[in-house]
Amino acid sequence: MKRQWWHGKCAYQIYPKSFCDSNGDGIGDLQGIISRLDYLKDLGADILWLSPIFVSPLADEGYDIADYYNIDPRFGTMDDMDELIAEAKKRDMYILMDLVVNHCSDEHEWFRRACEDPDGKYGRYFYIEDFKDGKGPCNWRSYFGGSVWEPLPGHPDKCYLHAFHKKQPDLNWENPKVREEVCQIINWWLDKGLAGFRIDAIMNIKKALPYRDYPADRGDGLSSIVNMLHDAKGVGTFLTEMRDRTFAPHGAFTVGEVFDADPEELPAFIGDDGYFSSMFDFAPAIFGHSGQGWMLHSGITPDDYRNCVFDTQARVKDIGFISNIIENHDEPRGVSRYIPEGEACPASKKLLATVYFLTKGLPWIYQGQELGMENLPVSCIEEVDDIASIDNYKVAVASGIPKEDALRAISIHGRDNARSPFQWTGGKNAGFTTGTPWLRVNPNYVSINREDEAADEDSVLNYYRRLTRLRKDPAYAETLVYGDFVPWLQDRPGVMAYLRRGEDKTILVMGNFQKEPQVIPLPETGDGSYTVLLNNYPDLKKVPEGLAMEGYQAVVLHLR
Ligand code: TEU
Ligand code: CA
């Protein structure tokens with residue numbers, strides 16, 4: 001694997017709408033981000049991915065773009081964006097924006113002109129078809145529920161395809177003019193000084209054509225669009241063209257949101273000459289998921305989590321650099337998902353931080369994760385913003401599931417969980433805004449907030465600061481960035497442990513991933529002595545059989 005400038009960095013995802021509001025309108029904005037760059041630098045964040053801030057009606061919170069060349073006034077101005085790029089550069093930080101090009105907004109000029117003339121140039125930017133007997137060409141279900149086919153405004157005999165929300169018409173990537181438009185957007189932003197992009201929903205750009213029905217997977221007679229995607233071959237042709245015309249000439253960093261890639265395609269996606277620099281590991285995030293909706297999702301135990309992470313590490317090895325997360329803006333909070341219910345506490349949150357952060361690949365922190373922020377309680381459907389949650393709720397209630405059970409599923413799987421305002425202080429609105437926050441603040445901000453944790457040496461926040469510093473420590477960086485990943489005791493219940501083995505050092509990362517204490521043997525290496533590099537407890541007890549680990553104790557040892 002060719003070495004890259006970003007391999008030794010730490011990355012951070014900002015959800016701008018909920019990060020920091022600078023002007024009291026209750027919505028996070030660019031000036032808010034600029035005001036927090038020193039906080040992020042001190043945390044150890046080098047690469048910053050901003051979820052979309054382009055002009056948008058926010059039907060899908062900005063993932064429905066109406067103008068790729070302008071900043072939505074709710075987030076600020078293009079001058080603010082230029083200032084952010086410049087201020088980040090001064091701090092050796094790198095800005096990524098979110099490339100959302102599987103679809104645009106139905107309020108984009110392209111779609112407006114397609115509605116004026118469905119058979120004209122812009123009609124061919126989209127998948128516009130004739131209804132037949134009042135039905136669309138196939139029975140695919142959108143990610144957000146219902147048919148992917150929606151009547152084309154002004155043309156009741158025609159319909160357009162949307163994999164996501166009806167306000168997100170899919171762009172037709174088979175049309176070279178669409179691909180040209182996308183390349184222009186990318187190059188325009190890279191020329192402005194962006195370091196690169198996170199690439200949204202990119203596996204959706206290739207459809208299996210001609211359209212055909214798939215076996216209905218629910219009572220509505222529809223079939224999840226994911227079933228079609230399994231048949232859609234050839235996305236690589238589009239991705240190669242995009243890379244060669246944009247990312248490669250600029251030396252840009254890119255990280256793909258790639259679901260359902262075939263394992264043998266990994267080198268093509270993130271190898272030395274891959275379509276992208278990296279891609280996210282979603283194996284833990286989708287573990288136990290059912291295509292039948294959230295009500296049928298099964299849980300994930302610490303051992304399941306460990307096995308997912310280890311499977312990915314075994315699959316990726318030295319093919320490329322995977323991007324490791326425990327959460328993002330689409331997923332529940334990692335500490336609420338991966339730590340058994342009722343056992344999320346500073347020790348277990350630090351354990352989870354340790355065991356994911358030091359695996360091989362690029363570590364990502366999602367805003368608020370460094371504080372140990374947790375899922376957002378839900379008391380009624382009216383307070384829910386997330387359109388995926390609202391769809392899952394409607395489907396569940398329509399199928400006869402009690403409302404309180406449907407609501408509980410949102411509290412576990414909903415996307416609002418990660419989108420509640422960043423908790424800066426224990427004061428009003430958690431210091432996020434002086435106005436009314438666009439989404440309610442988690443009531444636990446009084447005990448989980450940056451101000452209090454910064455002052456507490458033993459806080460989750462200060463533990464993350466130690467983690468990022470350890471990974472960049474000149475004495476250990478070579479081993480932690482490039483060392484082989486070697487599982488240790490991978491079948492032992494309640495243990496998540498692995499070696500990072502470099503040329504001249506071996507580092508053991510070991511977590512007792514349960515609340516009960518247990519003695520865990522050490523691997524036999526060297527003279528059996530070690531240096532403690534990190535420990536989420538004040539001390540570490542060595543016994544003849546190994547280490548007597550407290551509940552949720554995690555350690556990082558340099559084995560001599
Ligand atoms: O998400 C794409 C994606 O993750 C879907 O495959 C997923 O199943 C869907 O989010 C339902 O939960 C990206 C963005 O991360 C997400 O926020 C957007 O809603 C979506 O694309 C459309 O742009
Ligand atoms: Ca604001």
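Begin with the largest pocket of this predicted model: select Tyr 143, Val 226, Phe 259, His 289 and Trp 294, which lie nearest its centre among the 46 residues of its lining. A pocket here is an open set of points on a 1 Å grid over the protein atoms alone, where a 1.4 Å probe fits, with protein on both sides within 12 Å along at least five of seven lines; lining residues have an atom within 4 Å of a point. The volume of the largest pocket is about 1,200 Å³, counted as the space filled by probe spheres set on the points, which are joined across faces, edges and corners.

Next, colour α6 (225-229), α9 (283-286) and α13 (387-398), each of which supplies at least two residues of this lining. Helices are DSSP runs of H or I with at least four residues, strands are runs of E with at least two, and both are numbered from the N terminus. The largest share of the lining, 4 residues, belongs to α6.

Move on to the second largest pocket, which holds about 650 Å³ of space. Its lining has 29 residues, and Ser 336, Glu 341, Asn 375, Arg 408 and Ile 412 are the closest to its centre. Select α11 (334-337) and α14 (403-413), which each give at least two lining residues; α14 provides the largest share, 6 residues.

Now display ligand 1. Of the 16 residues around ligand 1, the nearest are Asp 60, Arg 198, Asp 200, Asp 330 and Arg 415; a residue counts as near if one of its heavy atoms lies within 4 Å.

- Arg 198 has a polar side-chain atom 2.9 Å from an oxygen atom of ligand 1.
- His 329 has a side-chain N or O atom 2.9 Å from an oxygen atom of ligand 1.
- Asp 330 places a polar side-chain atom 2.5 Å from an oxygen atom of ligand 1.

Finish at the open sheet, whose 3 strands run in the order β19-β22-β21 with antiparallel pairing; two strands pair if DSSP finds at least two bridges between them. Its edge strands, β19 (518-520) and β21 (541-543), each pair on one side only. Between β19 and β22 (residues 546-549) there are 3 bridges. Select Val 519 to find its bridge partner in β22, Ala 548.

Residues are numbered from 1 along each chain as its sequence is written, and chains are lettered from A and ligands numbered from 1 in the order in which they are written. Local features need pLDDT of at least 70 and side-chain atom pairs pLDDT 80 or more, while totals for chains, interfaces and linings use all residues; side-chain values use heavy atoms, with hydrogens and water left out.

Methods. A polar contact is a pair of N or O atoms within 3.5 Å; within protein, one must be able to donate a hydrogen and the other to accept it, and residues adjacent in sequence count only if both atoms are side-chain atoms.
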